[in-house]
Amino acid sequence: MNTGNLTSVTDFVLLGISNTEGLENMVLVLFLTFYVFTLLGNLVIFLTVLASSSLHTPMYFFLGSLAVFDIFFPSVNCPKMMVFLVGQSRTISYQGCASQVFFYHTLGCTECFLYTVMAYDRFVAICHPMYMVIMNPRVCTGLTVGTWLGGCLHGSILTYIIFRLPYCGPNEVDSFFCDIPVVLPLACADTSLAAMVSLANVGVVSLVCFLLVLTSYTRIVLSILKIRSSEGRRRAFSTCSAHLTSVLFFYGPVILVYLRPASSPWLDAVVQVLNNLITPCLNPLIYSLRNKDVKLALRKVLVQVAHPSGV
């Protein structure tokens, strides 16, 4: 297609969630409620891990990192959504749209890598007697930095592939934020290569990470079944079940949005709300309600805040 005489798009219009016309106030209340609980819940988890010496172990180091990601991840898109729900402009600049794609996929991929690292941590903790030697602070820091670098590389590649294309025609994004499946069809050039590369990138990263998590938990289950003590088996399963629940909540939306052949705008919107808001909001509940160490440490922190003098 010849795009030489066409005007380049300078901003996009976010259409919001399909089939919610007239329900803006209710959607705003839901978004605001989940967003506030997400920020508060993950902040509490992070500060509890930071303040409690009993939680200064590799497992809780990664849990604290997950809490930080779950604060940033919904903050990429939800504030803009809530701004136009209160009647403000639905437009977003070209640079703002590119920024949303970059940070959404950078943080999403980083969290994907982090779940894989957390599964490896549980595998080493249960299957290797030299756990604290293997997962020393240097290794934990290196793995965490590696997840950030890998996520940045992933987000940079996808953003470059999508926004190197010319956008000179329609500018209405059929979602409440900019993402590849809704932005790419607006390009006024052949998008087949970009679609294939972006799908392969997301698909390969998600599939490899999921297989590594699955491999870790297969080894973990086999090791747990060898534990003679029923109490030991129960504690091991309880420790791992919270992480496995979070993994399923994370990968479910990824598969439904990016890896299924047919697209449904309404289903995509619902799944994206689940991925952006509900899963980060549930993670603090999953890890605190199913973990005695976190509950005990949280209780101690609350007591110290309520009685700072120790009275």
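How close do the axes of helix 4 (residues 94-127) and helix 8 come, and at what angle do they cross? The views below begin with that pair.

This is a predicted model, so local features need pLDDT of at least 70, side-chain atom pairs count only at pLDDT 80 or more, and totals for chains, interfaces and linings use all residues. Residues are numbered from 1 along each chain as its sequence is written, and side-chain values use heavy atoms, with hydrogens and water left out.

**View 1. Helix 4 and helix 8 cross at roughly 20°.** Their axes come within 9 Å. Axes are lines fitted to C-alpha atoms, for helices over the stretch in contact, and angles run from 0 to 180 degrees between N-to-C directions. Helices (H or I, at least four residues) and strands (E, at least two) are DSSP runs, numbered from the N terminus. Helix 4 and helix 8 are therefore roughly parallel; angles under 35 degrees count as roughly parallel, over 145 as roughly antiparallel, 65 to 115 as roughly perpendicular and the rest as oblique. The crossing is left-handed, a term for a near helix turned anticlockwise from the far one by less than a right angle.

**View 2. Helix 6 (residues 137-163) meets helix 8 (residues 192-225).** The two axes come within 9 Å and cross at roughly 165°. That makes helix 6 roughly antiparallel to helix 8. The crossing of helix 6 and helix 8 is left-handed.

**View 3. D121 and R122 form a salt bridge.** Their closest N and O atoms are 3.1 Å apart. The term needs a side-chain nitrogen of Lys or Arg within 4 Å of a carboxyl oxygen of Asp or Glu. By this rule the count is 1 salt bridge. Side chains of opposite charge can pair when their charged atoms come close. D121 is buried, at 1% relative accessible area. R122 is buried too, at 9%. Buried means under 20% relative accessible area, exposed over 50%, and partly exposed in between (1.4 Å probe, protein chains only).

**View 4. F12 sits in strand 1 (residues 11-14).** F12 is buried, with a relative accessible area of 0%. F12 and P185 are 173 residues apart in sequence. In space they are 13 Å apart, C-alpha to C-alpha.

**View 5. F34 lies in helix 1 (residues 24-51).** F34 is partly exposed, with a relative accessible area of 30%.
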